[in-house]
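Open the model in your viewer and keep the selection tool ready. This tour goes from stop to stop.

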Amino acid sequence: MARSLPRHVDTLIIGNGPSALHLSYILHGHIPYYIGGHHDTLLDHKLSKRPNLLSLTPDLYDHFLSSLRYSTQALPVNTLLDTLIRPNADTEVNPQSCIEWRYEPEKAVSHLAVGDTPQAGGQWVDEPISASADIGTLSYAEMLSLPGYSYSEHFAKSEDDQVDFVRPSRAEVADYLSAYPEAVGISDSIWTGIKVDGISRTSHGFFVESLGIRCKHLVLASGIFTTRIPPPLLLSKIAELDSAQDPLLVIGSGFSAADIIISAPPTRKIIHLFQWAPDTRPSPLRGCHHTAYPEYAGVYRQMKLAAIASGKIPSSRSPMLRRKSNPFFSSRDWTSYYEGLPNAEVLFVSDPNGATSATITIRLASGEVINRTVGSLEYVVGRRGSLSYLSPSLRSEVLSTPLDSTSPPPLISARTLRTKAESSLEVTRNTFIIGSLAGDSLIRHAVGGCVFTAGRILGNIPPSYSSSGSSTTVPSTRSSSPSPSALSDRNSTESSPTASSASSPHLLANGHADLHLDRRKVARAVEVANAENRYWQDSGWWAGGLGP
């Protein structure tokens with residue numbers, strides 16, 4: 001029987017990705033409680049007095065700033081829930097959770113989570129680049145689970161008896177997320193394949209013009225990965241080419257660019273233009289451990305070798321590079337089929353005139369000008385989100401910008417709303433942001449924002465705004481680190497080369513401090529020696545995990 005959307009709900013969630021699913025789970029009446037056992041005695045003492053985690057207050061994480069144990073650039077509220085769910089998760093095998101989810105149906109709130117992807121999962125389902133969906137995620141499986149139905153439970157019949165220490169593919173994560181609503185009993189509130197538009201504020205809440213729905217609370221969970229930054233006009237001539245027989249031009253310095261290279265046939269020539277500024281704007285690939293992330297470490301190594309060659313620096317290989325054993329290196333003849341051009345710029349593109357290829361003129365960092373033939377283009381310098389589904393006036397409220405109904409809606413990055421998120425996830429009256437819109441893109445770092453938002457909707461946390469819309473004194477979610485976190489999984493903002501006059505988005509902390517760790521080795525170390533040194537190291541470019 002076909003179901004129909006209700007006309008009135010208390011809460012409308014825009015999006016159906018991991019954050020939206022998690023919030024829906026809570027709003028169905030699953031309440032998180034602290035059950036003790038955390039290693040932080042001060043935190044344990046505070047939570048023992050008020051175990052209902054929907055009543056979060058800043059004093060719970062005030063001491064995080066002075067503790068190296070919580071050295072993360074995620075919002076403290078996200079760090080708090082992460083450490084309660086997975087104490088010492090980065091260094092301990094199967095840590096015991098300090099949280100119990102109790103089903104209290106009387107606390108459920110009517111709500112909908114609406115997204116335009118064909119199934120639940122958000123950006124995990126909607127892949128906008130032509131890379132293989134079988135590439136492993138940056139996060140390990142145990143970091144991808146949602147409450148009530150873990151990733152391990154979903155793949156309980158897997159032949160791999162160590163599901164927690166594998167990197168599932170994007171397709172596998174999408175399969176898990178699509179099965180989640182039915183598994184935990186929230187499918188009645190999850191709607192897919194629906195595009196939302198025309199959300200405006202009314203005297204009693206909000207009205208969604210495209211759906212004819214009214215609601216009291218609005219939660220924005222649409223993310224920052226829905227739109228690829230388009231190539232500049234100069235490259236438009238080759239953007240539509242699709243010749244697999246001619247070289248592939250890849251422009252980008254991050255995970256999406258690496259995914260394209262990894263997915264390309266081993267005998268197809270790749271011309272890779274990328275930004276190389278390791279001291280000021282390093283590629284996110286730099287932090288990838290060669291054992292845990294061999295493919296990304298392999299691409300980064302080729303980029304580094306290309307940069308060394310372009311700088312006329314003696315090409316002696318370091319002892320570390322010689323010692324590393326990386327099976328990815330043998331996946332293709334890199335000398336013959338990969339040409340890395342750091343800090344290069346496209347000056348001219350010939351008109352294909354119906355041909356399957358085009359000639360591009362490139363100025364190298366040295367000033368030398370060369371020509372290359374290419375058959376297709378992958379311009380992967382980053383992604384952004386959009387709040388175009390909000391009315392101009394409501395969008396102005398959310399972004400705290402002057403009302404402008406004539407200009408196109410701006411693209412949203414991880415930094416756009418981060419300052420507001422650090423003050424409160426209620427960014428304007430009865431309007432909340434969760435997930436990557438708040439600057440934290442990892443699935444493991446989405447929980448705190450969902451718990452905070454649910455606490456506010458259920459009345460456990462005082463409102464951030466008065467009925468007139470003016471700001472009140474609110475529980476702060478300010479980051480325990482001075483730098484904002486930025487992105488997630490491989491869908492993070494990419495560093496752009498100077499090619500084709502494209503402006504390069506500044507790469508901030510991304511939430512992946514543990515990419516330099518081989519988690520299987522960590523597990524063995526814990527099992528064998530329970531070592532004191534738990535690999536608390538900082539890779540120097542991100543601080544957090546992956547993701548989502």
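A salt bridge here is a side-chain nitrogen of Lys or Arg within 4 Å of a carboxyl oxygen of Asp or Glu. Keep in mind that this is a predicted model. A search of the whole structure finds 14 salt bridges.

**Stop 1: a network.** Select Asp 82, Arg 86 and Arg 444. Salt bridges link these three residues in a network. Now zoom in on Asp 82 and Arg 444: their closest N and O atoms are 2.7 Å apart. Asp 82 sits in helix H3 (residues 76-85), while Arg 444 is in the loop between strand E20 (431-433) and helix H13 (447-457). The two are 362 residues apart. Are they buried or exposed? Asp 82 is buried, at 7% relative accessible area. Arg 444 is buried too, at 4%.

**Stop 2: helix to strand.** Select Glu 397 and Arg 201. They form a salt bridge, with the closest N and O atoms 3.0 Å apart. Glu 397 belongs to helix H11 (residues 392-399) and Arg 201 to strand E6 (residues 199-202), so the pair ties together parts 196 residues apart in sequence. Glu 397 is partly exposed, at 31% relative accessibility.

**Stop 3: strand to strand.** Select Arg 372 and Glu 339. This salt bridge has its closest N and O atoms 2.8 Å apart. Arg 372 lies in strand E15 (residues 369-374) and Glu 339 in strand E12 (residues 338-342). Arg 372 is partly exposed, at 26%; Glu 339 is buried, at 17%.

**Stop 4: a loop glycine.** Select Gly 36, in the loop between strand E2 (30-34) and helix H2 (41-49). Gly 36 is partly exposed, at 23% relative accessibility. Which residues does Gly 36 contact, leaving aside neighbours within four places in sequence? They are Asp 44 and Cys 98.

Terms used. Residues numbered from 1 in each chain as written. Predicted model: local features only at pLDDT ≥ 70, side-chain atom pairs only at ≥ 80, totals over all residues. Heavy atoms only, no water. Helix = DSSP H or I, 4+ residues; strand = E, 2+ residues; numbered from the N terminus. Buried < 20%, exposed > 50% of the residue type's maximum accessible area, 1.4 Å probe, protein only. Contact = heavy atoms within 4.5 Å.
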